[in-house]
Amino acid sequence: MSVDDTPQTEPPTEEISLTVNGETVSAEVEPRLKLSDFLRREQGLRGVRVGCEHGVCGACTVLVDGKGVKSCLMLAVQADGSEITTVEGLTGDGGALHPIQEAFHETHALQCGFCTSGFVVATKELLEENPDPDRDAIEHGLADNVCRCTGYQNIYEAVERAADYADEGSHGGGDG
Amino acid sequence: MSGSEAAPDAEPEAAPESESFTGQSVRRFEDRRILTGEAEYIHDKAPEGTLELALVRSVHAHAEIESIDTAKAEDHPDCELVLTAEDLKEHYNPQPCGLNGFEEWSLADGKVRFAGEPIAAVVARDRYAAEDVAELVNVRYDKLPPVAGASEARKDEVLVHEDEGTNVPDSEHLTFGDPGIAFEEADHVVEGEYSWGRVSGVPLETAGAVAEYDPEGDTFHIDCNIQLHTLVDDTVFETLGYDPDDVYINVPPDVGGSFGTKIAIHRYVNLVAMASHQLGGTPVKFVEDRVENLQGGDVHCSERDYRVRLAVDDDGTMRGLDVFFTDDFGAWPHYPINQVLKPLSVLTNSYHIDHAEYEYELVLTNKTAQTAYRGFGVDPHHYALEMVVDEAARELGMDPTEFRRQNLIDPDQMPYVLPSKNVYDSGDYPEALRRIEAMIEDERDGGLLDPEVVAEKRKEGKYRGTQPSVVIEPGVSGSDWTDRQRSDRDALADRTPDDADELPEHLRAEVAEDGTVRAYLATDSSGQGHQTLVAQLLADELGILPSDVAVDYLDSVDAPTEYGSAASRMAVMLSGAAEGVGEELRENLVELAADYWGVDPGDVSYRDGGVDRVDGDDRLELSDLADVDAVRLGESGTYAEFDYPHPARDVPEFDEAFARKYPVYPTAAYGANAPIVEVDVNTGEVDILEFYTVRDCGTMLNPMIVEGQAHGGIAQGIGAALMEEFAYDDNAQPTATTLFEYLLPSIKNVPDIEMDHTVTPSPFTETGAKGVGEGGMIDAPASVATAINAALDPLGVTADRLPFTPDRARRRLREAGVGPGTDGEGGDAVTDGGGSGRGSHDGRFDHADSAGGDRR
């Protein structure tokens with residue numbers, strides 16, 4: 001065992017500038033910093049969950065310029081100049097749940113919740129591409145996200161209900 | 001009774017009116033913080049100045065450690081600390097093990113016993129830097145031959161632990177009734193060999209811990225996502241060498257799933273605590289990455305090879321059951337190891353069989369250690385048993401469903417004492433079987449199983465089938481039996497039921513200033529919705545709204561030693577505890593009000609969130625009572641706590657099980673499943689077209705949560721049956737170290753689940769509820785396997801090895817002469833089916849060559 005007290009050297013950094021949930025952000029980051037860690041550690045967006053760090057589980061899914069991206073597979077420097085939306089960006093003023101969040105709550109489409117941010121964000125992308133998805137479309141749209149608790153049954157229902165809310169155009173807060 | 005549409009439309013804020021909240025699908029209070037990203041999981045915890053730890057792990061499965069050179073690591077400017085076993089041995093203790101006599105240090109001491117075993121820990125400013133430093137630690141190994149499977153390990157040619165002298169440190173052979181006579185006299189003895197691959201819970205959140213040593217108080221403050229933090233905290237404080245009261249273990253309200261697996265994450269908890277201690281109190285954090293979790297996280301579960309015999313008569317009567325299995329526990333018999341005994345709680349499943357033998361061998365190999373996983377050893381037992389039942393039906397030429405029906409335990413026999421002494425509380429198994437058959441009736445007539453459709457599909461090489469059965473989920477484990485393997489077997493003979501020492505469930509409640517109620521759970525949670533459940537239960541007890549109840553958690557010091565959330569316990573234990581604490585609190589509030597008014601307690605009564613004077617003159621709301629209590633001297637009148645005793649203690653039928661330290665599970669929930677499967681004989685792929693299920697867990701406290709548990713359990717059961725496996729190569733190197741190899745069911749793999757319920761309340765519990773947390777995982781694998789048997793029956797192929805992956809299916813089909821290039825016929829060929837078939841009336845198994853000869 002040893003306790004080391006020699007001074008630390010600073011690692012190399014690069015400057016990036018991007019939009020995160022509507023706000024412009026500039027930061028000096030290590031080139032090797034993952035986008036997931038940048039959002040969680042530097043931006044305090046802990047709704048970005050890290051489940052596998054190799055692009056399978058989808059818990060870290062965020063929207064980069066409107067497209068779902070596994071933020072564990074992207075470096076923060078690669079996101080320079082882009083527009084990022086995380087689950088935090090869906091919640092409306094005064095904490096009003098987005099219709100997708102509301103639908104997940106109402107249909108019990110989450111249990112431990114660790115995959116939930118990723119599913120909510122993936123659902124947002126899905127519904128923007130296809131406002132009225134059938135079960136096959138839901139399967140296709142959410143196939144890159146893993147849930148270990150719900151068996152997906154209620155997630156289908158949540159997506160269908162969120163689609164209905166968007167159709168009604170009157171439910172919930174946020175930008176749905 | 002509730003159908004599949006029962007779930008989530010109830011409004012949590014509705015006034016109770018005539019009904020209670022308990023029994024309603026109250027939506028969860030946990031959801032908002034999760035959905036908005038505000039929930040604080042362990043990976044979000046980072047006190048000011050936190051450093052991070054990374055581990056150096058063994059690349060070999062079995063090797064002597066010749067040397068560990070840490071000089072370069074220590075020279076790295078970011079290095080704050082390096083720890084090896086040498087340091088640990090100077091200051092701390094080995095970790096408590098599941099069996100006596102094993103000395104395991106949190107870092108490998110002199111020898112590595114599995115690939116991925118931690119050898120050194122380094123600490124730096126963050127994980128990136130810590131991994132840089134870890135790479136500089138140079139370990140020199142002297143490789144030893146590895147033991148990669150139970151059948152090889154049992155030969156004891158290479159020992160995983162030389163001191164032990166054997167790779168089978170625990171085994172037992174139990175006899176119930178007179179199986180010798182049953183097997184001798186029966187018209188037929190049917191025998192089969194079945195294998196269950198190594199699976200685990202693989203929650204989306206890995207293990208993690210943040211520890212801060214307080215030098216002033218000489219205490220540890222640890223946040224971590226360990227499961228059963230009030231029960232297994234000994235794995236931490238004993239290792240650190242501190243009193244339980246000096247090690248505060250706190251589990252965040254939000255844990256990203258556990259399914260039993262996080263019971264055994266003490267290695268990580270210990271290492272961050274030791275690191276913070278060595279650094280004089282700087283907080284140190286470790287969060288396991290996914291590769292660490294899959295490869296060397298100490299969290300795999302059952303890997304079993306079974307040989308099962310069933311004695312049956314010509315008329316279809318099951319007379320005797322004989323079970324032998326080996327379970328590959330990996331390198332260490334970590335606590336818990338009693339998954340090899342839990343199947344005794346459901347030894348004959350839903351069948352009446354008087355005579356049974358049960359024998360297991362707990363085998364050590366060069367793999368990462370086992371821990372608990374949802375079902376805890378019962379899932380493979382049911383699989384093996386249902387497989388041999390199919391085999392017997394074939395031997396007898398009976399319809400497998402009729403054969404099952406004929407042997408079901410009858411409702412008149414409830415409560416039913418198993419040969420192995422556990423008791424089924426209630427249930428109507430024939431009715432469950434009738435219901436599931438009714439559910440699939442339409443599929444047989446114009447649906448997925450219409451004979452014409454089935455025949456058409458077969459021409460394409462797609463074989464369809466289903467097989468209804470009734471499978472029992474033992475619930476609400478007692479704690480006393482769980483250390484049977486650490487007990488002196490001779491002393492067990494003299495025990496009486498009174499010697500059993502059961503742990504209660506603890507719950508506290510207090511009235512806050514604003515008149516709301518705060519409850520404190522002693523258990524931890526990992527997604528089950530305990531906060532919602534307790535809010536529902538206490539709202540009914542106190543005549544208030546669930547939204548007026550806030551539920552928080554106690555740390556390991558504040559909470560008494562108790563069991564907690566595992567083994568399908570909490571529905572029953574929390575409802576008993578809520579009833580008890582509600583009654584205590586009402587009594588205290590009545591006394592408080594009477595004292596305030598200066599009247600006899602008999603002259604006041606508690607009603608709907610307040611206390612009335614019986615004469616109608618006055619009423620104190622909960623907020624008033626809080627004000628009254630605040631200025632009063634003496635004991636608090638707005639606080640109560642309760643320890644709900646284990647419900648089996650009051651039921652004399654359990655006495656024999658208590659006396660012998662056999663598994664005690666006082667509730668028997670059950671599922672009758674009929675998954676409709678389609679096997680593509682050309683590709684070996686198994687597709688589940690629809691999963692029908694009828695479930696009974698007694699009174700449903702929150703039907704929405706009950707159904708959610710079943711959905712998730714079934715999905716995990718499907719994974720275990722068809723996809724998931726921690727395979728190892730001949731060098732004991734793990735071949736599933738990412739989620740590209742350990743395949744979790746995705747939304748594409750889980751079929752529609754069509755669910756119905758029957759409700760047979762438990763006579764043994766306060767609310768009639770039964771434990772329900774492990775259902776699905778316990779029953780679905782057996783159901784999927786037997787449905788595959790039904791589908792492939794014309795070809796003589798069975799799912800004798802799970803997971804029944806496409807390559808295994810193709811292997812079996814090839815052996816049966818079926819495959820690409822044929823037209824899907826070929827059932828004439830005789831399969832060796834993994835050794836199933838006619839057994840012998842006399843001798844049991846030849847263990848030397850049984851179990852696991854061919855695990856392909």
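This is a predicted model: local features need pLDDT of at least 70, side-chain atom pairs count only at pLDDT 80 or more; totals for chains, interfaces and linings use all residues.
Biologist: What makes helix 19 of chain B largely enclosed by the rest of the structure?

Modeller: A residue is buried if 20 or more other C-beta atoms lie within 10 Å of its own, and 20 of the 20 residues of helix 19 of chain B are buried, so this helix is largely enclosed by the rest of the structure.

Biologist: Which element of chain B gives the most to the side that touches chain A?

Modeller: There, 52 residues of chain B are in contact with 53 residues of chain A, and helix 19 of chain B gives the most to the side of chain B that touches chain A, with six residues. The residues on that side of chain B divide into 26 nonpolar, 13 polar and 13 charged.

Biologist: Why is helix 10 of chain B called roughly perpendicular to helix 11 of chain B?

Modeller: Helix 10 (residues 378-396) and helix 11 (residues 400-407) of chain B pack at an angle of about 110 degrees, with their axes 9 Å apart. Angles of 65 to 115 degrees count as roughly perpendicular, and that makes helix 10 of chain B roughly perpendicular to helix 11 of chain B. The residues making the contact include B:Val389 and B:Leu396 of helix 10, together with B:Phe403 and B:Arg404 of helix 11, and by class the contact has six nonpolar, no polar and two charged residues.

Biologist: Why is A:Tyr152 counted as buried?

Modeller: The cut-off for a buried residue is 20 or more other C-beta atoms within 10 Å, and A:Tyr152 has 29 C-beta neighbours inside 10 Å, so A:Tyr152 counts as buried. This residue is placed in the loop between helix 4 (135-141) and helix 5 (153-168) of chain A, and its phi is near 70 degrees, a positive value in a residue other than glycine.

Biologist: And why is A:Asn21 called partly exposed?

Modeller: A residue is buried at 20 or more such neighbours, exposed at 12 or fewer, and partly exposed in between; A:Asn21 has 19 other C-beta atoms within 10 Å, and is therefore partly exposed. A:Asn21 is found in the loop between strand 2 (14-20) and strand 3 (23-29) of chain A, where its phi is near 50 degrees, a positive value in a residue other than glycine.

Key
Residues are numbered from 1 along each chain as its sequence is written. Chains are lettered from A and ligands numbered from 1 in the order in which they are written. Axes are lines fitted to C-alpha atoms, for helices over the stretch in contact, and angles run from 0 to 180 degrees between N-to-C directions. Helices (H or I, at least four residues) and strands (E, at least two) are DSSP runs, numbered from the N terminus. Angles under 35 degrees count as roughly parallel, over 145 as roughly antiparallel, 65 to 115 as roughly perpendicular and the rest as oblique. Two residues are in contact if their C-beta atoms, placed from the backbone, lie within 7 Å. Ala, Val, Leu, Ile, Met, Phe, Trp, Tyr, Cys and Pro count as nonpolar, Asp, Glu, Lys and Arg as charged, and the others, Gly among them, as polar.
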